[in-house]
Amino acid sequence: MAEEALTYDRQLLLLGSKRNEVLDLWEVHRYGTDSYGDADYVSIYGLAPSEWYRKGIRLLGRTAVECTRDRLADAIGRDIAAVANSEHRASGSTVVDLFVGSGNTLFWMLRHLTESRGVGFELDNQVFQLTRQNLSILGMPAEIHHEDYAKVALRLSLAADQLLIAFVAPPWGEALTNASGLDLRRTSPPLTEIVDLLLDQFPNPLLFAIQVYEKIDAISLAELTPRFDWSALNIYDFNVPGQNHGLLLATRGWRP
Ligand SMILES: C[S@@+](CC[C@H](N)C(=O)[O-])C[C@H]1O[C@@H](n2cnc3c(N)ncnc32)[C@H](O)[C@@H]1O
């Protein structure tokens, strides 16, 4: 097959001809080996690619790249739950993934926040259809809306003292550069805009969990953090130095 001569990297799957194609299993493995030297790199929902594929779970090329894989999503879920539980606020909370993609981060957040309701938003029709199908195969009890994240206040009605946990991982697009790292003002949409919408529309105690990169544009971080009552930055060490993801945890209306 001619395609076998291609390199299965971010360029091909996120920006090239495979972006909106449902991947075969060999292509998922090939992306893992070509890009990370690990055929099982795209392990999600607690399953290796051969296991999730056998169940009928399918991903687009773009989602194979954009998804938060198990190792990272598990750590993110655990860290969010530790903050939410520090003040016994997790029980009865709602956890919303505003850019749900594969739903894998929501899957792990709900594993660690067992008494929370899960809600996700996905704008892209193909990603939404596949994710809804994948989560139903898994029997995962979450509401996924095919809508812009900005509709969040229309879809959630919360008691005033209920904790709202918002996981925020919008497409990074051109926001990540070698020179400056991740510029939080240049994600699509900008993180400041997303955070301000939630701060304006929800009077509730809020816990933001914002996926970031090891190198962050310092000015953009300094512009964002004064909006919060408390914040902390965790950088994980799952990849080679310089290529790690991180999590900015931040609260409004309470402190852990
Ligand atoms: C980086 S991915 C999220 C990956 C996710 N954390 C996971 O575990 O798979 C971002 C997702 O947000 C979706 N998206 C982009 N703009 C959106 C918007 N305005 N509202 C809702 N979803 C959006 C994209 O289609 C994409 O699937």
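Student: Domain bounds come from an automatic or database domain assignment; which domains does the assignment give for the protein chain?
Tutor: The model is a predicted one, and the assignment gives domain 1 (2-66) and domain 2 (70-252).

Student: How many Å separate their centres?
Tutor: Taken over C-alpha atoms, the centres of domain 1 and domain 2 are 23 Å apart.

Student: And how many residues of each are in contact?
Tutor: On the domain 1 side there are 13 residues in contact with twelve residues of domain 2. The side of domain 1 that touches domain 2 consists of five nonpolar, five polar and three charged residues.

Student: What about the core, then: how many residues does the largest nonpolar one have?
Tutor: That core has 72 residues, and Ala166, Val168 and Ala209 have the most contacts inside it. Helix α5 (residues 70-86) supplies its largest share, seven residues.

Student: Changing topic: is helix α6 mostly covered or mostly uncovered?
Tutor: Helix α6 (residues 104-112) is mostly covered, with eight of its nine residues buried. The buried set is Asn104, Thr105, Leu106, Phe107, Trp108, Met109, Leu110 and His112.

Student: What do those buried residues pack against?
Tutor: They pack against α5 and against the strands β1 (94-97), β2 (117-121), β3 (142-145) and β4 (164-168).

Student: How many helices and strands are there in the protein chain?
Tutor: The protein chain has ten helices and nine strands.

Student: Now the ligand. Which residues come nearest?
Tutor: There are 19 residues around the ligand, and Cys67, Thr68, Phe99, Gly101 and Ser102 come nearest. The shell comprises ten nonpolar, five polar and four charged residues.

Student: Last topic, the overall fold: what radius of gyration does the chain have, and what would a compact globule have?
Tutor: The protein chain has 18 Å, which agrees with the value near 18 Å for a compact globule of 256 residues. Along the principal axes, its C-alpha atoms fill a box of roughly 55 × 45 × 30 Å.

Student: What share of the residues counts as buried?
Tutor: Of the 256 residues, 43% count as buried.

Technical notes. Residues are numbered from 1 along each chain as its sequence is written. This is a predicted model: local features need pLDDT of at least 70, side-chain atom pairs count only at pLDDT 80 or more; totals for chains, interfaces and linings use all residues. Domain bounds come from an automatic or database domain assignment. Two residues are in contact if their C-beta atoms, placed from the backbone, lie within 7 Å. Ala, Val, Leu, Ile, Met, Phe, Trp, Tyr, Cys and Pro count as nonpolar, Asp, Glu, Lys and Arg as charged, and the others, Gly among them, as polar. A residue is near a molecule or strand if its C-beta atom, placed from the backbone, lies within 6 Å of it. A nonpolar core is a set of buried Ala, Val, Leu, Ile, Met, Phe, Trp, Tyr and Cys residues joined through C-beta atoms within 7 Å. A residue is buried if 20 or more other C-beta atoms lie within 10 Å of its own, exposed if 12 or fewer, and partly exposed in between; C-beta atoms are placed from the backbone. Helices (H or I, at least four residues) and strands (E, at least two) are DSSP runs, numbered from the N terminus. The radius of gyration is taken over C-alpha atoms; the globule rule is 2.2 Å times the number of residues to the power 0.38.
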